[in-house]
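Here's a quick briefing to read with the model open beside you. It goes through the sheet, the core and the metal site in turn.

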Amino acid sequence: MDYSYIVLILPALIFSLIAQAMVKSAFRKYSEMSAGMTGEQAAKMVMQMNDVPAVPVVPIAGTLTDNYDPKAQTIHLSQGVFATGSVSAVGVAAHEAGHAVQYAKGYFPIQVRNAIIPVSQIGAKISWPLLMIGIVLGSQHLFLIGILLFSAAVLFQLVTLPVEFNASRRAMAAIRESSYFTDEQIRGAKKVLTAAALTYVAALAMSVAQLLRLLLMFSGNSRRRR
Ligand SMILES: [Zn+2]
């Protein structure tokens with residue numbers, strides 16, 4: 001383990017593990033608190049309150065696999081969310097509906113994010129092979145192209161943050177304004193969504209740490225060559 005691994009990667013890794021543990025524990029805790037409404041109903045409520053055309057809400061296999069598919073214009077809710085009447089289910093479902101509202105209203109950061117998806121996907125796929133080949137061949141040029149492509153993937157994660165935070169903000173606004181939930185239920189939903197948001201921050205921190213480490217390696221190699 002070299003110095004840059006201990007200073008950069010290890011803290012980001014620990015942060016990621018903590019964030020994942022937090023989201024699991026918050027979800028589990030508030031899965032036990034009843035919300036008096038299922039995830040499916042909550043998702044529909046958020047769309048209705050925002051006056052946007054309702055998209056289909058359908059169940060999907062797995063745990064925490066919930067997502068909004070913009071191509072199919074469908075909200076997918078996992079089995080523990082779709083037909084479950086817990087605070088966790090309502091929080092997660094309302095968040096996914098928040099994404100549907102973003103698309104319906106043409107929320108700007110989501111447009112930026114979609115515009116950079118192609119480049120960032122290529123970047124995520126071929127940056128590491130290029131970096132490896134750059135190291136093996138001792139090619140600084142290939143290594144630099146690898147870094148630039150990796151940066152595109154990091155940029156995507158950066159633009160994902162406002163999108164995720166905003167979806168949760170829309171979810172919480174609807175949950176509060178519905179006057180359907182108690183203060184305790186509202187606080188619970190907020191905790192679940194805050195923990196989920198933290199995992200996106202942690203993922204970004206991890207990528208930034210990796211990017212910094214690559215830049216350190218690059219400048220170290222350049223210096224040795226002079
Ligand atoms: Zn989301």
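Predicted model: local features only at pLDDT ≥ 70, side-chain atom pairs only at ≥ 80, totals over all residues.

Strand S3 is a handy place to start, since the definition puts residues 74-78 in it.

**The sheet**

- Three strands make up an open sheet, ordered S1-S3-S2, and the pairing is mixed.
- At the edges sit strand S1 (57-60) and strand S2 (67-69), each of which pairs on one side only.
- On average, neighbouring strands of this sheet are turned by 30° against each other, ignoring direction.
- S1 and S3 run parallel and are joined by four bridges.
- Across that pairing, valine 58 stands opposite histidine 76 in S3.
- Helix H2 (residues 39-49) packs on the sheet, where it touches S1 and S3, and its direction makes about 150° with that of S3.

- Is histidine 76 buried or exposed? Histidine 76 has a relative accessible area of 17%, and buried means under 20%, so it counts as buried.
- Leaving out residues up to four places away in sequence, histidine 76 touches Val58, Ile60, Asp66, Asn67 and Asp69.
- Histidine 76 and alanine 93 are 17 residues apart along the chain, and their C-alpha atoms are separated by 8.7 Å.

**The nonpolar cores**

- The largest nonpolar core holds 39 residues, and Met47, Ile75, Leu77, Ile175 and Phe181 have the most contacts inside it.
- Helix H1 (3-31), H2, S3, helix H3 (79-82), helix H4 (87-105), helix H6 (140-177) and helix H7 (183-225) each put in at least two residues.
- H4 gives the largest share of this core, with nine residues.
- Another core, of 10 residues, lies apart from it; Leu131, Ile147, Leu214 and Phe218 are among its members.
- Which residues does isoleucine 75 touch, not counting those up to four places away in sequence? The list for isoleucine 75 is Ala43, Met47, Val55, Pro56, Val57, Val58, Asn67, Tyr68, Glu96, Ala97 and Ala100.

**The zinc site**

- Which residues coordinate the zinc ion? His95 and His99 each use NE2 and Glu164 uses OE, at 2.0 to 2.1 Å.
- Along the chain, the donors of the zinc ion follow the spacing H-x3-H-x64-E.
- Histidine 95 and histidine 99 are four residues apart in helix H4, so about one helical turn separates them.
- Both histidines are tucked away from the surface by the accessibility cut-off: histidine 95 is buried at a relative accessible area of 8%, and histidine 99 is buried at 7%.

**Around histidine 95**

- Histidine 95 lies in helix H4, the helix with the largest share of the 39-residue core.
- Its side chain makes a polar contact of 3.1 Å with the side chain of histidine 99.
- The side chains of histidine 95 and serine 168 are also joined by a polar contact, this one of 2.9 Å.
- Not counting residues up to four places away in sequence, histidine 95 touches Glu164, Ala167, Ser168, Ala171 and Leu193.

Technical notes:
Residues numbered from 1 in each chain as written. Heavy atoms only, no water. Pairing = 2+ DSSP bridges. Axes fitted to C-alpha atoms, helices over the stretch in contact; angles between N-to-C directions. Contact = heavy atoms within 4.5 Å. Core = buried A, V, L, I, M, F, W, Y, C linked by side-chain atoms within 4.5 Å. Buried < 20%, exposed > 50% of the residue type's maximum accessible area, 1.4 Å probe, protein only. Donors = N, O, S within 2.8 Å, 3.2 Å for Na, K, Ca; no water. Polar contact = N/O pair within 3.5 Å; in protein donor to acceptor, adjacent residues only side chain to side chain.
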